[in-house]
Amino acid sequence: MKTFAELLDRLVLTPQRNAKIRLLADYFREAGDPSRGYALAAIAGTLTLNTVKPQLIRDLLLERMDEVLFRYSYDYVGDLAETVSLVWEPPQQRVTADIPLGEVVERLQMAGRSEVRSLVRDMLDQLDTSGRFALLKLVTGGLRIGVSARLAKQALAEMGGKDVSEIETLWHGLAPPYLPLFLWLSGEADMPVLTTPAVFHAVMLATPVGEGDLEGLDPADFAAEWKWDGIRVQLANIGGVRRLYSRSGDEISGAFPEILEAAAFTGVIDGELLVGGTARSNQATGTFADLQQRLNRKTVNRKLLEDYPAFIRGYDILFSGERDIRAEPFKERRQALGTLIDAASPQHFDLSPLVPFSTWEELDRLRSNPPDPVIEGVMLKRLDSPYVAGRAKGPWFKWKREPFNIDAVLMYAQRGHGKRSSYYSDFTFGVWTESDGQTVLVPVGKAYFGFTDAELEILDRFVRDNTVERFGPVRAVRAEPDAGFVVEVAFEGLNRSTRHKSGVAMRFPRIARLRADKLPRDADRLETLQAMIETKI
Amino acid sequence: MTPDTLLYPAPKGLYCEMGDFYIDPVQPVERALITHGHADHARAGHAHVLATRETLDIMRIRYGDGFCGTSQIAPLGETITVNGMTVRFHPAGHVLGSAQIAVEADGTRIVVSGDYKRRPDRTCRGFEPVPCDVFITEATFGLPVFHHPDDRAEIARLLMSLRQFPERAHIVGAYALGKAQRVIALLRQQGYDEPIHIHGALAKLCEYYQNEGTDLGEIRPATLVGEGRQDFAGAIVIGPPSAFADRWARRFADPLAVFASGWMLIRQRAKQRGVELPLVISDHCDWAELTGTIREIAPAEVWVTHGREEALVRWCELQGIPARPLHLVGYDDEGE
């Protein structure tokens, strides 16, 4: 438990992605089995344990501690697991000894409901502070350490010197504590052979169209289709097993039962998960905000199913029946996909239409003016491209519509992390609105990238020289109609939000340009943003 | 005589009316007795100062020769008479020169702990328990959550991180007086013999510690000199915590923020400050040591000064020891 607890402590405080991967990979290399497999499961969210209610933890503590002293402590620390791990005093005669994570998990899994209480007490007595914290996070469910399953897989790839797509392919065929996986990654065994057929196959990704990328390419070699603003999924029905995966290989079947039920074909398809109606049902496609109502849920209720019906807009096909057709050219696969979708449930499946075009200029015009608000650009696919996992440059391109831009006023700044820890590099910006007859700034978003290093120097200097108030790590900067800093903010979309004071939430905002030439009074107004939502950008 | 006629809190600090002196006053006074050299306890501008030789030296280093009107050295353990009152200084184990001050009249003795710790520390003399009627204790870490771990294990984590991230400069925030030198001494004790780089604000105090016999090994200024530009990748650089937020920190290769403080025990504290590697190294007592010290000294009464008074007072009540908070203002109960 000691090494796992130390790993958690470091991960919580490490902001950089690459540093997290290194910490995880080092841990996976050094920790033994089955502990590392359970650690992986805990981080990736695949561990099932008898969970314990916070009240029980509190009760256990108060068996030994004065309630007033506990309250002072909890008020100060703010987190129950952390407080208990710190104030817990093992009986005097008890020698603390480490319990390997694997043993902790197995003991918890074997314990009956009535035994859990004394088991947890017993283990708290044996572990040290960090170990207790890790245990309490495990048994109360949810580590919340800022590491996604995807990142954990990346660390596995790093550990074994493999490609992450190989790990994604295996992932759903394996279970904690992942012994064959670690044997393979440490070079002691061959790649595990899976018995579950409906596994995830790493998806093919596109590269963005960059300056001059299309020059010299013949439009006749490519097919174009709309890039829909939903989430990319893979649906498999092989050997009688049906599964729905996100593009990173996380299984999301539970959240979309209607799709699973409607998948009455054999094969594996690739498409965009959307809500609303299919093209064949002649209903409008729902926005990303609508789709969000259905995301990140383990189960759904009937009302959600009725209000936000989900469907898949097919892009590609990997397996036709039980046959792997990924090596066939896109043109052929597309035909097979069309045949499959024609026969499938019209409420749950439609085909992403191809966009006819003859020149790049023509496609550029179409991209900037798409016929549906739920389109975020076009995809370009070579007609002869096989389906290859990963993001190779050449066969597939994505060409997004231009981002949206507004001019906003810098309001708050916060110091960054790691390399940027001495810079004010996280910015909150706002636009003008009327409130109680006064024209005031209301924050509309936060951005911490988009600027160059030289621009960051300028922003940082502005923040340091124009701080008007401090709130812990945050500084409020001068922002008046005639004094302040205007930035051009680019973003991909806009949603209504009840969590933000302004009522709007931007998607992927970044600072596109510094507008030292503008005064804050020239910045945009909230009404401009509201109008953008009205027109369903 | 009752203890609270001997010593009581006044606006300028803890006051002894019979001897007309203050202990660690927060504003300039006629006569001050100083427990140790941290800025919130040792201020400049008093007419007369009584303190240990090291504390007087440290005040001179920090404030210059004119830091007070006249000064007098208080040798540890010796009885000194101040305006007819008996006082004695005893080691407190907090930083170099730190002392507890015992004040005595008519058979009643009050010991003012100042800041103190019980852990062994090569850079200063260890705390000496003094029997007394009233023990005035600090309570910086006066909550049951605070259990400072073994400082050797904390330093080992820093050395481990250097091996894991050799391309990053490890910038260690540590207070200029006491903590910085202790961290360096601990690193040397564990066999780290690379040069250690320091921020300019630490230079004079490190030099003073070395002259006083603490071996800190090779210390270099963390400055970039001319053509030989280096980015301190894989090196340890020690600076005052405030320097983290400063432009100063920019010269380093992909800095990894380390902070040595008792507060680092609380994860959110570390996270809020952007610390990636918190080292729980404190120059104060943790909860077990505060309560253990009170048990050991077994005073008739406990008064609690700066920090988390309420929890320590509550603990004393549960033990049947009369206790009360003094509510002194002007001390930095976060400074560590």
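## A four-stranded sheet

Two strands are taken to pair if DSSP finds at least two bridges between them. The model described here is predicted. In chain A, an open sheet of 4 strands runs in the order β1-β10-β9-β2, and its pairing is mixed. The edge strands are β1 (207–208) and β2 (222–228) of chain A, each of which pairs on one side only.

Strand β1(A) pairs with β10 (residues 396–400) of chain A in the parallel sense, over 2 bridges. A:Pro208 has A:Lys398 as its bridge partner in β10(A). Helix α17 (residues 360–368) of chain A packs on the sheet, where α17 touches β2, β9 (375–382) and β10 of chain A. The direction of α17 makes about 150° with that of β9(A).

## Helix α18 and its two sides

Helix α18 of chain A covers residues 453–465, which is 13 residues. From first C-alpha to last, α18 reaches 18 Å, close to the 18 Å expected at 1.5 Å a residue.

Which residues of α18(A) are buried? They are A:Leu459, A:Asp460 and A:Val463. These residues lie on the same side of α18(A) because they cover an arc of only 100° around the axis. The face turned away from that buried side carries the exposed residues A:Ala454, A:Arg461 and A:Asp465.

A:Leu170 sits in helix α11 (residues 164–171) of chain A. A residue counts as buried if 20 or more other C-beta atoms lie within 10 Å of its own. A:Leu170 has 23 such atoms within 10 Å, and is therefore buried.

Apart from neighbours within four places in sequence, A:Leu170 is in contact with A:Leu181, A:Pro192 and A:Leu194. A:Phe485 is 315 residues from A:Leu170 in sequence, and the two are 50 Å apart in space, C-alpha to C-alpha.

## Where chain A touches chain B

The contact takes 26 residues from chain A and 30 residues from chain B. On the side of chain A that touches chain B, at least two residues each come from α1 (2–13), α2 (17–30), α5 (67–77) and α6 (80–87) of chain A. Helix α5(A) gives the most to this side, with 6 residues. By class, the side of chain A that touches chain B has 10 nonpolar, 10 polar and 6 charged residues.

Terms used. Residues numbered from 1 in each chain as written. Chains lettered and ligands numbered in written order. Predicted model: local features only at pLDDT ≥ 70, side-chain atom pairs only at ≥ 80, totals over all residues. Expected span 1.5 Å × (residues − 1). Buried ≥ 20, exposed ≤ 12 C-beta atoms within 10 Å, placed from the backbone. Arc of directions from axis to C-beta. Contact = placed C-beta atoms within 7 Å. Nonpolar A, V, L, I, M, F, W, Y, C, P; charged D, E, K, R; others polar. Axes fitted to C-alpha atoms, helices over the stretch in contact; angles between N-to-C directions.
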